[in-house]
Amino acid sequence: MAIFKLHSASKHFGKRKILNEVSFSFETGEIIGIFGRNGCGKSTLLKMLFGTMSADTIEMSVNGVSIKNFTTKHLSYLPQHPFIPKNIKVRDLIPIYFSEEKKQDAIFYDSMIANISSKSVGSLSLGQVRYLEVLLLANLDRPFLMLDEPFSMLDPLYKDRIKILLNKLKSSKGILITDHYFEDVLGVTDRNYLLKNGVLEKVLSKQSLKEMAYLGDSSI
Amino acid sequence: MHIRAYWQFYKSIFPFIAIFSILGVIYVGIAWGFVLFATLGLFFGFLGFRFFYNDQYYFYYNLGLTKKRLILGSIVINILVGVPIFSILLIFISFIFGDIQIT
C-alpha cells in the first residue's frame, strides 16, 4: 500500500489567492473526487502535484518520503485536453509507452482497443481517445493516477467503460478525479472534497454539494 | 531510454525545422542552411510545437520526459538526421550543377 500526502500547497495569481494551504491525502485502494466551480483551482492543483506548474509553496510525500518537483515516478496525470499525438496509429502508439510485450498485449487486446488499433488517433472519437489515454496511464507503473475531467463530453458507453476500468484499477492504485459530471464522479469515488475559496472542504453527500453552493436546486 | 518517444517528438517538430531550413538553403546556401537547420531551425521547431501541439507535452511528461530532456534528445536526433540529409543534398546538387560553392 502507498500513501500520497499533500501536506500543504498554496498558489496565487496576481492578488487572488487560488489555493490557500490546501492539504489532503489518498492511498492505493481508494478513489477520491475533488469538485469545484470553474476557475477555482482544481486543474492548477493537479498540475502543481504533477510538477508542471510552479507553486508558491508545496510540500508532499509518498509513504512519508518527501517528493519534489516532477513527480512522474509516483503519479500519472490525465490532463483536461487530449494529449496523444493525432498523426500516429494506435498500434504504433502503444510501444512508445510500453516496451514489455505483456503490457502491450494488455492494451492491444482490450475489447475497446482491438478494433481501433489500425486507426490513427486523429480519426478516433473523443470517447475512444479518452478511454485510450486512461488505459495507457493506468498501465504505467505508478501507484497514483490523477484524472482531470475524464468524463467530460463522453457518451454513456465510454463513461461506463472508464468507470469499470477505474474500479478495476482501484485494487492497485490510488486515484484522484476532478470533473463537473458529479453523478459519474460520485458513482466511483470513496471520498469527496469541494475546492472553494482556496480551501478543500469535505463533501458528505450529494445533498451537501447543494448546501455548499456547488449545485443548484434543479441539479438534485 | 524511451527512444521511440524522443523520435515521436522529433517527428512532430521536424516539419517546422524543414520549412525553415529549406528557406535557409534557398536564401543563404547549403552550408549556412545546415547551420540554420541545427540552430534556429530547432528553435522554430520547439516554437511550432508549443504553438500547435502544446497539450501533447503531457504525452511525454507522463513518461518522465521533461522539456529539457526533449530538447536535448531533439538536438542529438537533429544532428543525426541533418548530416546525412545535407550530405545527400550536397552530392545531389554537385551531380546536377557540377562543383558549386557551398556558402
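Predicted model: local features only at pLDDT ≥ 70, side-chain atom pairs only at ≥ 80, totals over all residues.

Read along the sequence, what pattern does chain B follow?

Modeller: Read along its sequence, chain B follows the pattern α-α-α-α-α. The C-alpha atoms of chain B fill a box of roughly 50 × 25 × 15 Å along the principal axes. Of the 103 residues in this chain, 29% count as buried. Take the contacts in chain B with a separation of 6 or more: 73% of them join residues 24 or more positions apart.

Now zoom in on helix H2 of chain B, residues 30–38. Its buried residues are B:Ile30, B:Gly33, B:Phe34, B:Leu36 and B:Phe37. Seen down the axis of H2(B), these buried residues fall within an arc of 160 degrees, so they line one face of the helix. An α-helix has 3.6 residues a turn, so residues three or four places apart point the same way. What covers that face? The cover of the buried residues of H2(B) includes helix H1 (3–28), helix H3 (40–53) and helix H5 (67–97) of chain B.

Next, the partner chain. Chain A has seven helices and 10 strands. Its C-alpha atoms fill a box of roughly 50 × 45 × 35 Å along the principal axes. Chain A has a radius of gyration of 18 Å; a compact globule of 220 residues would have one near 17 Å, so the two agree. Buried residues make up 40% of chain A. Of its contacts with a separation of 6 or more, 69% are between residues 24 or more positions apart.

Then the meeting of the two chains. The contact takes 17 residues from chain A and 13 residues from chain B. On the chain A side, two elements give two or more residues: strand E6 (75–78) and helix H2 (90–97). H2(A) gives the largest share of that side, three residues. By type, the chain A side divides into 13 nonpolar, four polar and no charged residues.

Look next at helix H3 of chain A, residues 101–108, where A:Gln104 is found. A:Gln104 has 16 C-beta neighbours inside 10 Å, so it counts as partly exposed. Leaving aside neighbours within four places in sequence, A:Gln104 is in contact with A:Ile94, A:Pro95 and A:Phe98. A:Arg91 is 13 residues from A:Gln104 in sequence, and the two C-alpha atoms are 9.2 Å apart.

Now the core. The largest nonpolar core has 78 residues, and A:Leu49, A:Val134 and A:Met146 touch the most other members. Nonpolar side chains tend to be buried together in soluble globular proteins. Take A:Met146. Beyond its neighbours within four places in sequence, A:Met146 is in contact with A:Leu46, A:Leu49, A:Phe50, A:Leu75, A:Tyr77, A:Leu78 and A:Leu176.

The strands come next. Strand E1 (residues 3–13) of chain A pairs with E2(A) in the antiparallel sense, over eight bridges. One of the bridge pairs joins A:Ile3 to A:Glu27 in E2(A). The hairpin of E1(A) and E2(A) has two residues between the strands, and in this hairpin A:Gly14 takes a positive phi near 60 degrees. E1(A) also pairs with strand E4 (residues 57–62) of chain A, again antiparallel. This pairing has six bridges. Here A:Ser8 stands opposite A:Glu59 in E4(A).

Last, two backbone points to check by eye. Most residues other than glycine have a negative phi. A:Glu21 is not a glycine, yet has a positive phi of about 50 degrees. It lies in strand E2 (residues 16–27) of chain A. A:Glu21 counts as partly exposed because it has 15 C-beta neighbours inside 10 Å. A:Met153 is not a glycine either, and its phi is positive at about 65 degrees. A:Met153 is in the loop between strand E7 (144–148) and helix H5 (156–169) of chain A. With 10 other C-beta atoms within 10 Å, A:Met153 is exposed.

Definitions and conventions. Residues numbered from 1 in each chain as written. Chains lettered and ligands numbered in written order. Helix = DSSP H or I, 4+ residues; strand = E, 2+ residues; numbered from the N terminus. Rg over C-alpha atoms; globule rule 2.2 N^0.38 Å. Buried ≥ 20, exposed ≤ 12 C-beta atoms within 10 Å, placed from the backbone. Contact = placed C-beta atoms within 7 Å. Nonpolar A, V, L, I, M, F, W, Y, C, P; charged D, E, K, R; others polar. Arc of directions from axis to C-beta. Core = buried A, V, L, I, M, F, W, Y, C linked by C-beta atoms within 7 Å. Pairing = 2+ DSSP bridges.
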